[in-house]
Amino acid sequence: MAINNPYQSYQQNSVNTASPGELTLMLYNGCLKFMMLGKKAIEEGNIEEKNKNLLKAQNIIHELMVTLNMDVAVSKDMMTLYDFMNRRLIEGNMKNDLGAIEEVEGLVKEFRDTWKEAIQMNRKNQFTQSGQV
């Protein structure tokens, strides 16, 4: 019989009930987390841990790339940026280059903060239109 982990259940529910916008925000936050862990592993000389976490960050960037709607003009620009970020993460992983990882980290933080603001504005507009404010 499996033991239920309340934190794991909460995380699973968070993902299952999140809007597409919130899922994107979660991806950005996860990418930042894995880059931070990868940088820490570089500083500690833990190559296996570094590789594992930077690969997770790359996988998140890949997920962001495949979910782009290429019918929207801005998606082409985002694809170019995501591709650049992915290449820098590969470089950072191969060369233990903290600067490359930090460069990507800065971009992801900007995207995350902009996305978070867009979600908040959207919620505010939804409540205003429904007469709840």
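So, reading along the sequence, the protein chain goes α-α-α-α-α. That's 5 helices and 0 strands, where helices (H or I, at least four residues) and strands (E, at least two) are DSSP runs, numbered from the N terminus.

Quick note before I go on: this is a predicted model, where local features need pLDDT of at least 70, side-chain atom pairs count only at pLDDT 80 or more, and totals for chains, interfaces and linings use all residues. Residues are numbered from 1 along each chain as its sequence is written, and side-chain values use heavy atoms, with hydrogens and water left out.

Okay, the chain as a whole. Of its 133 residues, 30% count as buried; buried means under 20% relative accessible area, exposed over 50%, and partly exposed in between, with a 1.4 Å probe and protein chains only. Now contacts, meaning heavy atoms within 4.5 Å. Take the ones between residues at least 6 apart in sequence: 61% of them join residues at least 24 apart.

Next, what's inside? The largest nonpolar core has 21 residues, and M35, I61, Y82 and V108 have the most contacts inside it. By nonpolar core I mean a set of buried Ala, Val, Leu, Ile, Met, Phe, Trp, Tyr and Cys residues joined through side-chain atoms within 4.5 Å. Two or more residues come from each of α2 (20–44), α3 (47–66), α4 (73–95) and α5 (98–129).

Have a look at Y82. Leaving aside neighbours within four places in sequence, Y82 is in contact with Y28, I61, L64, M65, L68 and F111.

Let's stay with α3 for a bit. Which residues of α3 are buried? They're K50, N53, L54, A57, Q58, I60, I61, L64 and M65. Seen down the axis of α3, these fall within an arc of 150 degrees (taken from the directions from the helix axis to the C-beta atoms), so they line one face of the helix. The buried residues of α3 pack against α2, α4 and α5.

Last one: T24, which sits in helix α2. Is T24 buried or exposed? Buried, because its relative accessible area is 18%. Not counting residues up to four places away in sequence, T24 touches L64 and W115.
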